[in-house]
Amino acid sequence: MKQVIIAYLLPALISVFAIYHLASLSSVNTSLFPQEKTSKLSKPCVFIETFSDFPECEDSFLQDDSAGKIFLLGSSELTGATEASPYRFIPEHFNTKLQAVGHGGNQCFSIYSQLLANEDRLKGAKIAIIISPMWFFAKEAAGTSSKIFLEFNSENFLNRISGNDSLSDFKRYENERISHMFSDFSSPNFAIRQMHFEHQAGKSPIHYLLYKPVIETDKLLLKTKFHITGYHTDYSPVKRMPLAADSVTINWDSLFTFSKSEVLKTMTNNTWGIGNDYFSGHINGVSSKIKVCPDKENYELEDFRMLIKLLKNKGAHASFIIIPMNPFYYTNLNEAAPIISNIEAEIQNADFPYYNYWVTDTSKFEKGILKDVMHLSTYGWYKANKFIIDTYHLAK
Amino acid sequence: MLPFSSFEFFIIMAMFIGIMAGAKFFLSNKYYKLVQAVLNLIFLTVVYPHPYHFLLLILYAYFGTYLVSDVLKIKKKFVGIVILLLPMLLVKFDIRFHFYPYELNKIISFAGLSYASFRIIGYYMDKAPGEKMTDFITYFNFLAFTPTLLIGPIDRHARFKVSQDNGFNNINSENVIIGINAFVKGLAFKYIFAEAIDRYWMGHYPAQSKDLVDMAHNMYSYYFYLFFDFAGYSFMALGIGKLMGMNVPLNFNNPFVAVNPQDFWRRFHISLGDWLKDYFFTPLYMFFSRKKSLKKYPLTRQNIALLLTFMLMGCWNGFKFYYLLSGFLFGLYSVVHNTYVVECKKKGRDIMFGNMDPRAIKVVSIFIMFNLVAVALYIFSGKCPL
């Protein structure tokens, strides 16, 4: 055993000690591992399709600039900008800025996590969330996928959650969901592993005994890493500015009438209110049904409840827009109605303003609102814009 | 958390090694298997992603083996093999039942199923008729030993039991040194060499390119990566095993210097090569030997058995064309080499190299073998654009 100590353990300890001190030298560290320089913003972060593509926009999230800003969060609706997209229409007509974040798959848990990472910027933040009902059905009801989650929740964001012990229930929920998704992450980063282990440690005394040393070692290593790299977790303090109302007059009625007629001109090969190209390319007169899963298996619904709870608890000035689905195409929307009512009730209970486009009855469905079966047309977007402008009193 | 998937696994292993080393001072050897069973069970239930799946498989395999060999006393081993392989066959063939609308994969597929299946079949094949079943704890440890849980090496029950029975005695200075050496070698292979190849070589050339230089880069980088990655795992498993008092078999031994296919499989994934030889090639060869039509043709018998053995090895990874083709290629290499050896013996001279200097023959053989293996593994990778 003496030989083991002298020939193996002692050299190993000396190596670790030497490496630590060598790595602590900033000259060695920076030359071996040069930090990627954050590129200067070539344009303001108006539409952030993912944070992984625009990491330089992370600091501007939920941060007001010189004037108040609205933050629009959603999924696939936000891609494919038109003149009616809120992040183009609103800044064009008002001084108020609008930052949109999201693309397909950016569902409730991804949004929840982004907001939780920036929880001390939530108070008074003007946040409009576009809810796509499809999130709550079929395979989407299983919640945000791990791939999409990582596109919007960087290690930086997750470290903020992981290192913030004041978040109690919200952090517990985050850990639980991360743990649930854990096997889907191909090479989970430090923060994700830490959250998973913390969740695991709470399961039983045996789990605790096994995971506690792992968690403590990880914490020590993370602290060492931050010390060596000079990384700091604090970020710019929030600057919340009031929204200044502009004297802008928009003739909504004529805008609605005109845009609707323009949209309807593109829906001539069917009577379902679906754009010609989409109808001939994807639908061809064949209807579909949505798969409704029971509430207890609907992770997305639970994620949504936590999202509402977080926004309410942190005093955000949130609002919601519930997108419709085409009832001509989806023939069983009445089966989905209880879930939508549930969502509506959650929003009402939290006293957040919302605009609900959802209908189950074909006779009540306004053709032209959607361009396909679940995405807003320009006409639909103008209606959404009006709701945002009215909710946040952008016009005098 | 899967074994070796992140460095936290090593923290847990360090705890296990510490517990084993501590237990050595308080308990006698007969308690070693109990301590190991507790640790294996803790890892499976607390750390492993699908604990119940694995535990159910172990129960199924243990009682399945007992039923087939001791109760029903089925003489045809093939029937028993199919019964014991059923969970893996359902997954590999993606078989679904109308009364269960979901993919069966979801309930019986989990990391480590293939390697557990190898060991299950190994035990069943080794068990002589009338031989008493091994005790459940040993069987459980045999299938669930944490360092070899995921990707082997594929141990044999008899070997494992001997090692387990002397578990605490095996924890000594000599084995600790061997263990640390193997572990550090594995760490270097996996986290330095394989990682460097992955970062700076593999994938730096377009995968779909048919340019010879690009293809050569992709082919050689994959071969080196596969070796260092896999051998890295195996050495780490061997090292941790030694530190815990278990002799895990050596799985890689300088495969780049193999001079022929037979030599290659004695150096590369040794435990798989041995497993296939003992449990597939030999019984198949014996089966062919009993066939009247093949009795006169021993070389043909051998070659058919070789080809089928390697094709089975290809299929084992999944029913993809490139796995099958890669297996076929390895089989073909063996068939050609086998025929060459027999012909040389018949004619009493080397029919290919003649009187060439043996050292030169060795160099040429290594060069040929290295490239043939690289080609077969390139096809195995599924990245060959041809």
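User: Why is B:Cys384 too far from B:Cys315 for a bond?

Analyst: In this predicted model, the sulfur of B:Cys384 is 19 Å from the closest cysteine sulfur, which sits in B:Cys315. A disulfide needs the two sulfur atoms within 2.5 Å, so B:Cys384 is too far away for a bond.

User: What makes B:Cys384 partly exposed?

Analyst: Its relative accessible area is 23%. Buried means under 20% and exposed means over 50%, so B:Cys384, at 23%, is partly exposed.

User: Which cysteines are joined, and why is the link called a disulfide?

Analyst: A:Cys45 and A:Cys57 are joined, with an S to S distance of 1.9 Å. The cut-off is within 2.5 Å, so the pair counts as a disulfide. A search over all chains finds 1 disulfide.

User: Why is the disulfide of A:Cys45 and A:Cys57 called left-handed?

Analyst: The torsion about the S-S bond is about -85 degrees, so the disulfide is left-handed.

User: What parts does the pair tie together?

Analyst: A:Cys45 lies in the loop between helix 2 (26-32) and strand 1 (47-48) of chain A. A:Cys57 lies in the loop between strand 1 and strand 2 (69-73) of chain A. The pair therefore ties together parts that are 12 residues apart in sequence. Both A:Cys45 and A:Cys57 are buried.

User: How do you know whether A:Cys108 is buried or exposed, and where is the nearest cysteine sulfur?

Analyst: A:Cys108 has a relative accessible area of 0%. The limit for buried is under 20%, so A:Cys108 is buried. A:Cys108 is in no disulfide, and the nearest cysteine sulfur, that of A:Cys293, is 13 Å away.

Conventions
Residues are numbered from 1 along each chain as its sequence is written. Chains are lettered from A and ligands numbered from 1 in the order in which they are written. This is a predicted model: local features need pLDDT of at least 70, side-chain atom pairs count only at pLDDT 80 or more; totals for chains, interfaces and linings use all residues. Side-chain values use heavy atoms; hydrogens and water are left out. Helices (H or I, at least four residues) and strands (E, at least two) are DSSP runs, numbered from the N terminus. Buried means under 20% relative accessible area, exposed over 50%, partly exposed in between (1.4 Å probe, protein chains only).
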